Amino acid sequence: MLLNRSFRYWSLLPALLLFAALTLYPLLNLVRMSVSTVAFANGAETWTFTPLRNFAALLEDDVVRPAVVNTLVFVGVSVAIEMFLGTALAIAVAGLSRAKRLVRTVAILPILVPPVAIGSMWKLMYNYDFGIFNQAFVALGAMPVNWLGSTSVALWSVIAVDVWHWVPFVFLILFAAVEGISPDLFEAAHVDGATRRQTLRFVVLPLLRPAIVVAFLFRAILAFKVFDEVFLLTAGGPGTSTELVNLHLYKVFFEQNRLGYGAVLSLAVIAAIVAFLLVSRRVALAVASQK
Amino acid sequence: MTTDARGTAALRAGIPGRLYVALALFAIVGPFLWILTASFKHPIAIYAGQFPFTPTLDNYADVLFGRRSDFAGNIANSLIVAASSTALVLVVGALAAYSLHRFRWPVWVSAGFLGWTLVFHMVPVLTLLGPWYVAFRELDLYDTRAALVVTHVTINLPMTVWLLRAFFREIPPEILEAAHVDGCGPFDAFRRIALPLALPGLIAAGILAFVFSWNEFPIALTLTSRVTATVPVAIARFAQQYEIQHAQMAAASVISTIPAVILMFLGQRFIVSGLTLGAVK
Amino acid sequence: MTANLWHVRILLAAIAFVATAPALAQQKAFADVGKQPDITVLIGSTPWYPAFEKVVGLYEQQTGNHVKLDVTPFGNILEKARNAVRTGQSPYDLMTLDTQWTIEFYEGGFVSPLADVDPAFAMPKEVFHYGDSGYWNAQKRWRTADGGKLMAYTVLGNVQLLYYRDDVLKQAGLAVPKTWSDVLASCTKLAKPPSSYGFVARGEKGNGIRYDWQSVMLAEGVQVVKDPEAGDFTVTINSPQAKKALDLYVDLLKRCGPPNYGSLGQGDVIQLLATGKAALGDVVTAAFASFEDPNKSAVVGKLQTAPLPAGAGGAHGAVIGNWNAVIPKNASDAQKKAALAFSRWFLTFGAQRAFAEAGGIPNRSDVYTSDLAKNPKYRWMPAYLETQKFARQELGYAEGAQVEQILGLRLNQALIGEMSSGKALNTAGQEIEALFKKNGRRTGVLPPLPE
């Protein structure tokens, strides 16, 4: 069949075409913006080539440093917790004798809720005077916590929301991977007299590695891009304690309409993500080689 | 394939495992139940954190039948866009992922494409909005569902390709080789062997693509206006200038998860049956 | 005999005339704009939107013309407006812009001066000026009617008022505070945390604290910039009076507000007043309607309003946050005329009165002196009218958004104690000066305050 002979080519073609059509222009536009100053006059745009100006703005921006630090902490902690909890949940659910499908459907509810609703609802739950957490604390005789108004607690409150939101994501991917492990392997391990713990460590986890890598990759990238929840919960405050890079980018790009500097900031974010992933990879390899 | 009894037996969750699942479900469902109760409260009851409270259906009435709401229309738009973009991204993504894995492409092609998709995924979405808005307006596709479908496919393609590639890699190459020896063409091998074996991955990728498309906000906001607006845009309207209308937002959120859950449930069955139809061998 | 009948007839005619006069006056109170093509309006999701929608309904009913309202989430209006004016033909014929966004559109030339659309258009003299935010003088790069072209009119002019619980004050034997020091004295007596707080205002980083603090700042006679209209952008934010104003504000929030004063947004302030936990508050006028709704408030009928208090020198300060309706330059000519026709109708007494009755804030002074003001439902009107005498526009220059970011951060940091008020103002002053310098403005900064 013709379909079969040229399958090699036309299988990759749709993706290539679609991507070329929709991503080339925006990416090139972004790069061009990063070296220009975009101004508006008489109802038209004027682009002037000013590469150093935008880069200088990046260095002078006082908010970028705390934003980057907070973002790295946020991403590092959230993703680590989510990977751990999500993987553990996937393995635990795979061992349930019934109701697996139901559990999976329930477990993914958080990612079904629109981020704007998540941010708003959690803000209410964290409310100092009337939020459910403080109400529970007070009822139990403890002191209410200033979840969103204290610089030391705010970032952790935001991380907690992120964990709630995204553990289902990791769970979904890892669960699919566990379900995909051939039963023959379990049979073989059982025949070899492996305990459950050994099965987990030497059969399951290594087989989950590709899924863990993908889940980590995309979770980390998404974590760098977090916006809605933080914007609604704290708007980056108090002080700079929850100022995250994407939030700052929004302010620069949209509120202040500094397109050139915003583009540079975007490129810097991409560079930071790449650096983060490379470092994570090195750490993971080091940990793996030690075993 | 789904782990059958042997796998489940090997992984059987003991007490700690089951306790963890119970706790996790409680933690996951808790806030959602809270949103559910909030949707039946008057704003003042939400403000004051009242419990017990006098329930009301006003919020649902306002969301569904209020003067300025087209919520039913918004849900319809979201369903169309999410379902179409999910189907499309699964087809395009599965083909691409399989192709990259199975056929020996030169490194610059495979690594280049994969790297490019990954880098594109790192780009903050708001930098894409301007160029896309201009492009779609030029093409006279502004305020159409088609524009949303195409952009959503683009946004979800990186994760779909990478995820499915991970699952295709798990297929023992001997099976595909055996099929080739048996005279099975590459397309048939893909359709009848690889896809069914990667079923869990397809379901996961499908659910994720659907969910991301359903909840996608910035692009939907930029490329639509009243007629084609999707659910997240409608819900965002409840975040007003000075205060958030929590009651209506809660009701809208609850309403919006129902079709999503139903469609996912049905979608899973559909994918499974669609694949098993072609896998008879 | 005939003479008396004649007098009676005249009397009857006079009575008949007087009886129909209100109906005649009613017709004059609106405007006859004739048949117009449909227009599309970009408008945000705000508490006063339902009122606007009702008035639009009235317009459609009276004239038979149609108006499509594109209700956009508040956080995204600016983006939609920008997109609309940058390509081809604008999908909107009328756009409502928050005051800080107008300068970008005026300077960029994206908006048609109203006189260009119809040279005969004139703003009714009863409409408030709201600091001339609808005028643009391109030479001075400043919004002023003096030498400026009319680019927009105010759809809704929001200012903040002092909301107070009459019953709580009376019970404590306190008078309505007239100065900010009075507020401090009263609220410390009223504060009984955690069951009640004396005074609530925004402390949230960014626009929240900047907007609310500026009321106190202006009351103490402080300016951010010396004379931007004349081109003098010397930064005067780090003055001793400003430090006094900041210390006072921090004191107010810390001693009389809830423990999370550093993150209070407008929604939180409204929530605290609506649940009855706060006795005094600095809130926008537009929130009044929700305090009177039993579904949204536990204090229906108990809140009164007064103009914001004065500073030590007796001056009051308030910042205007108004929505300006503009006509995009890239809309079609026919649409522009239709949009202006609607605007002409909207600015009439009849329309504004209907707007007030629907829960909006009218922009004409004659509505405030009409019988409506005596109705307890509109008891916020006298305070609002009084506030128009001293309310001002702030940050009316192109760098406004960046100045707000700087102030919003440093003020918040002073509030939560990350730095002293002196240091916060000095830092803000230096950063703002650097910003103006980069943009080529004639600038300087005051000598630093002791930190």
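Predicted model: local features only at pLDDT ≥ 70, side-chain atom pairs only at ≥ 80, totals over all residues.
**Entry 1: the domains of chain C**

Chain C falls into two domains: domain 1 covers 37–157 + 321–387, and domain 2 covers 160–319 + 395–438. I noted that each domain is written as two stretches of the chain. I then looked up the separation of the C-alpha centres of domain 1 and domain 2 of chain C, which is 27 Å.

**Entry 2: where the two domains touch**

Next I asked how many residues of each domain of chain C are in contact with the other. I found 18 residues of domain 1 in contact with 22 residues of domain 2. On the domain 1 side, I recorded that α4 (99–107) and α15 (381–387) of chain C each supply at least two residues. Which element gives the most to this side of domain 1? I found that α15(C) does, with four residues. Sorted by class, the side of domain 1 of chain C that touches domain 2 has eight nonpolar, five polar and five charged residues.

**Entry 3: chain B against chain C**

I turned to the contact between chains B and C, which takes 22 residues from chain B and 29 residues from chain C. For the chain B side, I listed α3 (43–47), α7 (126–138) and α12 (218–223), each of which supplies at least two residues. The side of chain B that touches chain C has eleven nonpolar, five polar and six charged residues.

**Entry 4: chain A as a whole**

I then examined chain A, whose secondary structure comes to 14 helices and two strands. The C-alpha trace of chain A spans about 75 × 75 × 40 Å along its principal axes. Chain A has 291 residues, and 47% of them count as buried. I also checked contacts in chain A between residues at least 6 apart in sequence: 69% of these join residues at least 24 apart.

**Entry 5: the hairpin of chain A**

Last, I looked at the two strands of chain A. Strand β1 (residues 36–41) and β2(A) run antiparallel and are joined by six bridges. As one point of detail, I noted that Ala39(A) stands opposite Thr46(A) in β2(A). Two residues lie between the strands of this hairpin, and Asn42(A) takes a positive phi near 55° there.

Is strand β2 (residues 44–49) of chain A buried or in the open? I found that the number buried among its six residues is zero, so β2(A) lies largely in the open.

Notes:
Residues numbered from 1 in each chain as written. Chains lettered and ligands numbered in written order. Buried ≥ 20, exposed ≤ 12 C-beta atoms within 10 Å, placed from the backbone. Contact = placed C-beta atoms within 7 Å. Domains from an automatic or database assignment. Nonpolar A, V, L, I, M, F, W, Y, C, P; charged D, E, K, R; others polar. Pairing = 2+ DSSP bridges.
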